[in-house]
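Please keep the sequence and the structure in view while reading.

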Amino acid sequence: MTDAAPDASSDPEAIARNLAAVKARIAEACARAGRDPGTVTLVAVSKTHPAEAVLAALAAGQAVFGENRVQEAMAKFPPLRPAHPQLRLHLIGALQTNKAREAVRVADVIESLDRPKLAAALADAMAKEGRRPALLVQVNTGDEPQKAGVPRAEADAFLRACRDDHGLEITGLMCIPPVEGDPRPHFAWLAGLAARHGLRTLSMGMSGDFEAAIAEGATHVRIGTAIFGSRPKP
Ligand SMILES: *Cc1c(COP(=O)(O)O)cnc(C)c1O
């Protein structure tokens, strides 16, 4: 994969260099789109990489991170918070309802709300924990059977149900377009859905396609490989 930096997990200087390069590419993409770079937040996806890699990124000025597993996030992030109060954690992976309470405890943003049962579990967990992470609805823009996310055709109704049935405030949308094909129509479609619902946050774009996502209005890009290097295959 051409966008993969070599594995940088154990090399703080490589992480700092990769971060600077990614930020420069974000700035260039913003310039091409006539956007202020301050409107795009970089979420550094540290999944599978050790806490040392997160510390190296923190030292290089990165504050916002993404993890896809609750268990891994619980092990890595709470110990870092006292010394790094600027740290913000986004949960970006498929979430089981029985992990809702831990998710609410550990995350500042949950990007993967995609079904009524999870909406109910998160509403209940937020009441019990007295903590309210921001919530994004994940849409399966390619309607891929193996992928998480609410199907396209159900997105409007699900957004209304989150608000009306579960009392949840949704701040934005997230998508992961199909690996094959042009991601831009998916990003554009998600931006249209957000506009219809008055949602300001659009989490879209990863190492391989974040420039296209910025062109279509991404406010958050989730980038792992280009910062921390390649990950072991699951
Ligand atoms: C792993 C992951 C990313 C980061 O992907 P890269 O290609 O490594 O940048 C982004 N979003 C989600 C939901 C992920 O699981």
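How do the residues of the shell around the ligand divide into nonpolar, polar and charged?

## The shell around the ligand

In this predicted model, the shell around the ligand is made up of five nonpolar, three polar and three charged residues. The residues that surround the ligand are Val-45, Lys-47, Ile-92, Ile-176, Met-206, Ser-207, Arg-222, Ile-223, Gly-224, Thr-225 and Arg-231. The space that the ligand takes is the largest pocket.

## Polar contacts and burial

Arg-222 places a polar side-chain atom 2.8 Å from a nitrogen atom of the ligand, while Gly-224 has a polar backbone atom 2.8 Å from an oxygen atom of the ligand. For Thr-225, an N or O atom in the side chain is 2.4 Å from an oxygen atom of the ligand. Taken alone, the ligand exposes 390 Å², and the protein buries 92% of that area.

## The protein as a whole

The secondary structure of the protein comprises nine helices and nine strands, and the C-alpha trace spans about 50 × 40 × 35 Å along its principal axes. Because a compact globule of 234 residues would have a radius of gyration near 17 Å, the 17 Å of the protein agrees with that expectation.

Conventions:
Residues are numbered from 1 along each chain as its sequence is written. This is a predicted model: local features need pLDDT of at least 70, side-chain atom pairs count only at pLDDT 80 or more; totals for chains, interfaces and linings use all residues. Side-chain values use heavy atoms; hydrogens and water are left out. A residue is near a molecule or strand if one of its heavy atoms lies within 4 Å of it. A polar contact is a pair of N or O atoms within 3.5 Å; within protein, one must be able to donate a hydrogen and the other to accept it, and residues adjacent in sequence count only if both atoms are side-chain atoms. Accessible areas come from the Shrake-Rupley method with a 1.4 Å probe; for residues, only the protein chains shown count as cover. On a 1 Å grid over the protein atoms alone, a cavity is a set of points where a 1.4 Å probe fits but cannot get out, and a pocket is an open set with protein on both sides within 12 Å along at least five of seven lines; lining residues have an atom within 4 Å of a point. A molecule sits in a cavity or pocket if more than half of its atoms lie within 2 Å of its grid points. Ala, Val, Leu, Ile, Met, Phe, Trp, Tyr, Cys and Pro count as nonpolar, Asp, Glu, Lys and Arg as charged, and the others, Gly among them, as polar. Helices (H or I, at least four residues) and strands (E, at least two) are DSSP runs, numbered from the N terminus. The radius of gyration is taken over C-alpha atoms; the globule rule is 2.2 Å times the number of residues to the power 0.38.
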